[in-house]
Amino acid sequence: MQWRTTTERWGLLTILIHWLTALTVFSLFGLGLWMVSLDYYHAWYRQGPNLHKSIGILLFILTLLRLAWRRIEGRPAALSSHTAREQRLAHLAHVMLYLLMISVMVFGYLISTADGRAIEVFGLFSVPATLHGIDKQEDIAGVIHLWLAVTLISLVVLHAAAAVKHHFFDRDRTLTRMLGR
Amino acid sequence: MKKTILTTLLLTLSILAVPAQAADYDIDTKGAHAFIQFKINHLGFSWLVGRFNKFDGHFSYDEKKANASSVEVNIDPASIDSNHAERDKHLRSKDFLDVEKFPTAKFVSTGYKAKGKNKGVLKGKLTLHGVTKEISINVKHIGAGNDPWGNYRAGFEGSTTLTLADFGINYNLGPASRTVEMFLSVEGIRRK
């Protein structure tokens with residue numbers, strides 16, 4: 001396996017970022033839904049949101065780096081077995097995944113910074129508020145954050161289902177390529 | 001005959017004078033000389049202080065007929081402000097005020113009993129979180145008079161303690177936090 005992406009294969013770094021992102025997105029979704037259901041005396045009542053916000057900021061930074069890296073690296077050529085329509089749909093889904101991820105994180109940021117507070121990332125550094133003080137900003141951003149997240153997860157499930165379909169039904173290299181083959 | 005005319009005249013005058021005597025005041029929310037503050041204990045360690053930013057109302061007050069006083073205040077529960085957006089979001093949610101389902105809160109007085117100089121107890125119905133309940137507010141008249149800009153003002157402070165469970169708010173904040181203390185500061189501008 002090589003670090004850099006070629007016309008045939010995904011580079012190792014890209015593959016690692018892809019799977020790390022997948023793991024993080026699912027974890028944040030589960031953590032997010034769980035943490036808002038906790039009662040006041042639960043040990044995770046404070047820790048849950050702190051972790052959710054810290055990881056969210058790190059994922060945002062990783063996603064920006066990923067997009068830059070993708071621009072530098074390019075991507076392997078589409079498999080010849082994929083039809084033009086499949087390629088167009090896949091491309092659209094990938095663009096949507098990026099857009100949804102970025103916007104979910106932006107709206108999450110707008111909840112916690114609605115009163116001008118910064119977001120602390122594991123106590124290492126903090127991200128200051130920018131847009132804040134809009135009337136009921138935390139509530140509006142909260143609703144949007146939730147529904148964008150639900151939409152993102154739905155699309156992720158579709159994305160995964162498509163990979164599985166390519167692997168088991170079309171028997172092509174779509175999925176194995178993302179495993180470094 | 002003259003006496004009758006005089007009586008009629010006096011009677012008419014007194015009727016005309018009634019609006020001025022009843023003294024209706026609009027609560028000065030525009031100039032923010034009125035506050036609805038609350039404080040609730042945090043874990044038994046300290047006080048958390050917050051307020052409702054949006055409300056309006058009016059009252060009727062006559063020093064000589066204090067027991068005829070009445071008050072009506074409408075409060076926007078979504079305007080709760082504890083100086084922390086994430087907490088305010090939680091306070092507006094279903095766990096507490098559920099402002100989507102219950103977008104208004106209201107206090108309408110049912111009676112006032114003067115108790116000593118400048119003090120009294122105001123009774124009334126508070127509607128909060130969809131529950132209407134009779135409450136008593138201890139009131140103190142602070143002062144009244146002409147302001148420097150051509151209006152007549154009267155101001156009061158009030159305090160009461162509300163039990164959250166009485167209003168169907170059952171989120172467990174701990175044994176020290178079952179009640180919330182309200183502090184009301186109200187200044188009214190007399191209607192002309």
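Select H3(A) and H4(A) first, and you will see that their crossing is left-handed, a term used when the near helix is turned anticlockwise from the far one by less than a right angle. Helices here are DSSP runs of H or I with at least four residues, numbered from the N terminus. This is a predicted model, in which local features need pLDDT of at least 70 and side-chain atom pairs count only at pLDDT 80 or more, while totals for chains, interfaces and linings use all residues. Residues are numbered from 1 along each chain as its sequence is written, and chains are lettered from A in the order in which they are written.

Helix H3 covers residues 84-112 of chain A and helix H4 covers residues 137-168 of chain A, and the two pack at an angle of about 155 degrees with their axes 8 Å apart. H3(A) is therefore roughly antiparallel to H4(A), as angles over 145 degrees count as such.

Finally, show both chains: 11 residues of chain A are in contact with 10 residues of chain B, where contact means C-beta atoms, placed from the backbone, within 7 Å. On the side of chain A that touches chain B, the largest share, three residues, comes from H4(A).

Definitions and conventions. Axes are lines fitted to C-alpha atoms, for helices over the stretch in contact, and angles run from 0 to 180 degrees between N-to-C directions. Angles under 35 degrees count as roughly parallel, over 145 as roughly antiparallel, 65 to 115 as roughly perpendicular and the rest as oblique. Two residues are in contact if their C-beta atoms, placed from the backbone, lie within 7 Å.
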